[in-house]
Amino acid sequence: MEPINNLLRGKSQNKNYDKIFQEVFADADVKKFLSDHHDQLTEDDIKRGRSKLYEFVHEKHLVQNGGASVAPGYTPRLVVSAKQIDVTYVPTDQLLRQQAIQAKRNRVSRRFMPKFIENASFDNYYSNNEGRAEAFNAAIEFVSHYPQKDFLPGIYLSGSFGVGKTYLLGAIANELADQGIKSTLIHFPTFAVNMKSAISNNTTTQERDTVMKAPILMIDDIGADALSAWLRDDVLGVILEYRMQEELPTFFSSNFTMDQLTDHLAQDSSGNVEPLKAKRIMERVRFLSREIHMVGPNLRQRG
């Protein structure tokens with residue numbers, strides 16, 4: 001079919017006019033539409049609406065053949081509005097699927113996290129190991145019961161490199177996203193570096209508060225680096241204090257057990273030893289989460 005602007009110049013300027021409209025009125029969707037609305041449309045209404053019928057058939061064929069339609073990602077639909085035939089455009093099934101996938105991804109805020117988190121799922125989680133089964137079962141339990149009226153603590157995943165701690169956090173976040181629940185995952189060592197950089201443009205409070213107020217927060221790789229007293233007390237400490245007061249579920253992953261992390265946090269990057277400050281932070285960590293130690297082979301070395 002030729003472009004609608006050329007067709008509608010008139011019979012005298014278009015020899016194919018009658019033939020093209022014969023095809024339009026022979027279209028199965030047009031015939032069904034006119035049949036379904038025969039009591040609403042007169043012959044004059046249909047005559048006045050021929051351009052819309054043509055537009056519908058023209059755009060429908062473009063969509064079916066993968067052409068460049070007037071509204072990419074949308075398919076035309078005939079409607080009757082105030083006794084006039086009109087065309088509206090609705091999302092295609094493909095676009096709806098793409099939008100659903102994007103909406104799910106938008107519910108998971110990844111900050112400095114690896115890309116594989118996007119596709120992490122319970123279905124693909126390697127739990128064929130007793131050392132990972134407890135963590136996996138706890139993750140399923142959390143997703144199954146959140147949200148609930150009473151505070152539901154998160155999980156503190158401890159264990160050596162490559163046992164699946166980060167992947168499991170991503171799987172939890174994605175499963176929650178399927179339920180319409182937002183979460184934020186941060187790689188804490190990189191976040192700490194970013195916070196130092198934010199000092200120069202005076203955005204440290206904004207950066208900290210965005211993370212602090214996340215409905216569900218997952219702090220990955222906590223304890224990987226020594227923290228300055230400022231990062232430990234005025235960033236991490238403030239985040240955890242707020243989340244404890246507001247009873248916001250918080251998850252952690254670390255190569256350290258909770259006891260080991262306590263010792264690690266006691267000494268800041270300048271070498272000062274302050275066990276009471278470390279203990280104060282760990283009290284909040286223990287309130288916000290329950291520790292599960294993961295063991296097993298390094299999955300990053302699986303060939």
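## Basis of the model

Residues are numbered from 1 along each chain as its sequence is written, and side-chain values use heavy atoms, with hydrogens and water left out. Because the model is predicted, local features need pLDDT of at least 70 and side-chain atom pairs count only at pLDDT 80 or more, while totals for chains, interfaces and linings use all residues.

## Helix packing

Helix H2 (residues 17-26) packs against H5 at an angle of about 70°, with the axes 10 Å apart. H2 is therefore roughly perpendicular to H5. Tyr17, Ile20, Phe21, Val24 and Phe25 of H2 make the contact with Arg50, Leu53, Tyr54 and Val57 of H5. By class, this contact of H2 with H5 has eight nonpolar, no polar and one charged residues. Helices (H or I, at least four residues) and strands (E, at least two) are DSSP runs numbered from the N terminus. Axes are lines fitted to C-alpha atoms, for helices over the stretch in contact, and angles run from 0 to 180 degrees between N-to-C directions. Angles under 35 degrees count as roughly parallel, over 145 as roughly antiparallel, 65 to 115 as roughly perpendicular and the rest as oblique. Contact means heavy atoms within 4.5 Å. For the classes, Ala, Val, Leu, Ile, Met, Phe, Trp, Tyr, Cys and Pro count as nonpolar, Asp, Glu, Lys and Arg as charged, and the others, Gly among them, as polar.

Helix H7 (residues 130-145) and helix H8 (residues 165-178) have axes 10 Å apart at an angle of about 20°, and are therefore roughly parallel to each other. Ala135, Phe136, Ala139, Phe142 and Val143 in H7 meet Leu168, Ile172, Glu175 and Leu176 in H8. The contact of H7 with H8 comprises eight nonpolar, no polar and one charged residues.

## Pocket and cavity

The second largest pocket holds about 230 Å³ of space. Its lining consists of Asp29, Lys32, Phe33, Asp36, His37, Phe56, Lys60, Thr75, Pro76, Arg77, Leu78 and Val90. At least two lining residues come from each of helix H3 (28-36), helix H5 (50-64) and strand S1 (74-81). By class, five are nonpolar, two polar and five charged. On a 1 Å grid over the protein atoms alone, a pocket is an open set of points with protein on both sides within 12 Å along at least five of seven lines, a cavity is a set where a 1.4 Å probe fits but cannot get out, and lining residues have an atom within 4 Å of a point. Grid points are joined across faces, edges and corners, and a volume is the space filled by probe spheres set on the points.

The structure holds one cavity of 30 Å³ or more. About 40 Å³ of space lies in the largest cavity, which is lined by Phe188, Pro189, Ile222, Gly223, Ala224, Asp225 and Leu227. This lining divides into five nonpolar, one polar and one charged residues.

## Backbone geometry

Most residues other than glycine have a negative phi, and most peptide bonds are trans. Ala82, in the loop between S1 and strand S2 (84-91), has a positive phi of about 55° although it is not a glycine. The peptide bond from Tyr146 to Pro147 is cis, with omega near -5°. Pro147 lies in the loop between H7 and strand S4 (154-159).
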